[in-house]
Amino acid sequence: MVTKDDEYDYLFKVVLIGDSGVGKTNLLSRFTRNEFSLESKSTIGVEFATRSIQVDGKTVKAQIWDTAGQERYRAITSAYYRGAVGALLVYDIAKHMTYENVERWLKELQDHADQNIVIMLVGNKSDLRHLRAVPTDEARAFAEKNNLSFIETSALDTTNVEAAFQQILTEIYRIISQKQIRNDADNDPSPGGDNIKPISIPPTDSPDMRKKPCCQA
């Protein structure tokens with residue numbers, strides 16, 4: 001039996017990466033189930049959850065993978081970048097070290113993921129304004145320099161969680177749908193480009209054309 005959850009136009013794999021404790025699991029649970037847990041434990045290995053959204057009238061199903069941030073699991077999780085079309089690179093705005101490590105995570109993405117993967121830098125725990133250790137402007141400048149989109153979120157009070165996922169999934173959808181349009185155009189059999197076929201027209205002085213005078217019906 002086909003359930004509503006099985007009906008979708010596109011399926012996108014998105015990975016959540018970043019140091020342990022930055023709130024990746026709560027971002028995932030907030031977006032997919034609207035849940036938050038203060039007692040959430042570090043993810044061991046990899047977990048994933050799904051949710052479908054509408055983009056330009058199409059149903060996009062996101063399969064979001066929560067990768068463990070601990071060093072000892074990195075060899076395991078690197079294999080899970082394969083097939084990912086998007087990544088949320090998460091740091092904690094109250095812990096500067098998690099932001100410093102963003103560069104290393106970015107390199108890991110470049111080493112293991114598709115070169116066209118869409119990446120968003122996410123400063124999580126924006127509710128901890130009084131403990132802020134990473135200036136917004138500094139993170140935004142880093143994102144611009146590395147061609148990443150950027151947003152600050154709070155899984156605790158829900159700020160920008162929906163917006164972050166909607167934004168990255170919409171960007172992925174537009175890139176992939178444009179690629180499909182180009183591919184369809186390349187395969188279009190109508191006259192144009194490489195599909196032009198020569199048409200043979202008999203010369204005017206051929207025997208067939210000489211049978212009748214030009215003005216005769």
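Let's start at phenylalanine 150 and ask which residues it is in contact with, leaving aside its neighbours within four places in sequence. In this predicted model, the list reads Tyr91, Met120, Leu121, Gly123, Thr136, Ala139, Arg140 and Ala143. Phenylalanine 150 itself belongs to strand 6. Is it buried or exposed? Its relative accessibility is 16%, and because the limit for buried is under 20%, phenylalanine 150 counts as buried. One of those contacts, arginine 140, is ten residues away along the chain, and the two C-alpha atoms are 6.2 Å apart.

Six strands make up an open sheet, in the order 2-3-1-4-5-6, and the pairing is mixed. Which strands are at the edges? They are strand 2 and strand 6, residues 149–152 for the latter, and each of them pairs on one side only.

Two helices pack here. Helix 4, residues 102–112, packs on the sheet and touches strand 1, strand 4 and strand 5. The direction of helix 4 makes about 165 degrees with that of strand 4. Helix 5, residues 136–145, also packs on the sheet, where it touches strand 4, strand 5 and strand 6. Its direction makes about 160 degrees with that of strand 6.

While we're at helix 4, have a look at histidine 112, which lies in that helix. With a relative accessibility of 40%, histidine 112 counts as partly exposed. Tyrosine 80 is 32 residues away from histidine 112 along the chain, yet their C-alpha atoms are separated by 8.8 Å.

Let's cross over to strand 3. How many of its ten residues are buried? Eight are, so strand 3 is largely enclosed by the rest of the structure. Strand 3 has a parallel partner in strand 1, joined to it by seven bridges. In that pairing lysine 13 has glutamine 63 of strand 3 as its bridge partner. Strand 2 runs antiparallel to strand 3, and ten bridges join the two. There, glutamate 47 stands opposite aspartate 66 of strand 3. Strand 2 and strand 3 form a hairpin with two residues between the strands, and in this hairpin aspartate 56 takes a positive phi near 50 degrees. As a reminder for reading any of these strands, side chains in a regular strand alternate between the two faces of the sheet.

The largest nonpolar core has 28 residues, and the ones with the most contacts inside it are Val60, Ile64, Leu88 and Leu169. Which elements give two or more residues to this core? They are strand 1 (10–17), helix 1 (24–33), strand 2 (46–55), strand 3 (58–67), strand 4 (86–92), strand 5 (118–124) and helix 6 (161–186). Helix 6 provides the largest share, seven residues. Apart from this core lies another one, of 24 residues, including Ile93, Leu109, Ala113 and Ala139. You'll remember Ala139 from the contacts of phenylalanine 150.

Back to Val60 for a moment. Leaving aside its neighbours within four places in sequence, valine 60 is in contact with Tyr10, Phe12, Arg51, Ser52, Ile53, Val55, Leu169 and Tyr173. Three of those names come up again, as Tyr10, Phe12 and Tyr173 form one aromatic cluster.

That brings me to the rings, where the count comes to six aromatic pairs. In one of them, tyrosine 10 and phenylalanine 12 have ring centres 5.8 Å apart and planes at 40 degrees, so this pair is tilted. Both tyrosine 10 and phenylalanine 12 are buried. For tyrosine 91 and tyrosine 99, the centres are 5.1 Å apart and the planes are at 65 degrees, so here the pair is edge-to-face. Tyrosine 91 and tyrosine 99 are buried too.

Last, a couple of charges over rings. Lysine 13 places its charged end over the ring of tryptophan 65, 4.6 Å from the ring's centre. Arginine 104, in turn, lies over the face of tryptophan 105, at 4.9 Å from the ring centre. Thanks, everyone!

Terms used
Residues are numbered from 1 along each chain as its sequence is written. This is a predicted model: local features need pLDDT of at least 70, side-chain atom pairs count only at pLDDT 80 or more; totals for chains, interfaces and linings use all residues. Side-chain values use heavy atoms; hydrogens and water are left out. A nonpolar core is a set of buried Ala, Val, Leu, Ile, Met, Phe, Trp, Tyr and Cys residues joined through side-chain atoms within 4.5 Å. Buried means under 20% relative accessible area, exposed over 50%, partly exposed in between (1.4 Å probe, protein chains only). Helices (H or I, at least four residues) and strands (E, at least two) are DSSP runs, numbered from the N terminus. Contact means heavy atoms within 4.5 Å. Rings of Phe, Tyr and Trp (its six-membered ring) pair if their centres lie within 6.5 Å; planes under 30 degrees apart count as stacked, over 60 as edge-to-face and the rest as tilted. A charge sits over a ring if NZ of Lys or CZ of Arg is within 6 Å of the ring centre and within 35 degrees of the ring normal. Two strands pair if DSSP finds at least two bridges between them. Axes are lines fitted to C-alpha atoms, for helices over the stretch in contact, and angles run from 0 to 180 degrees between N-to-C directions.
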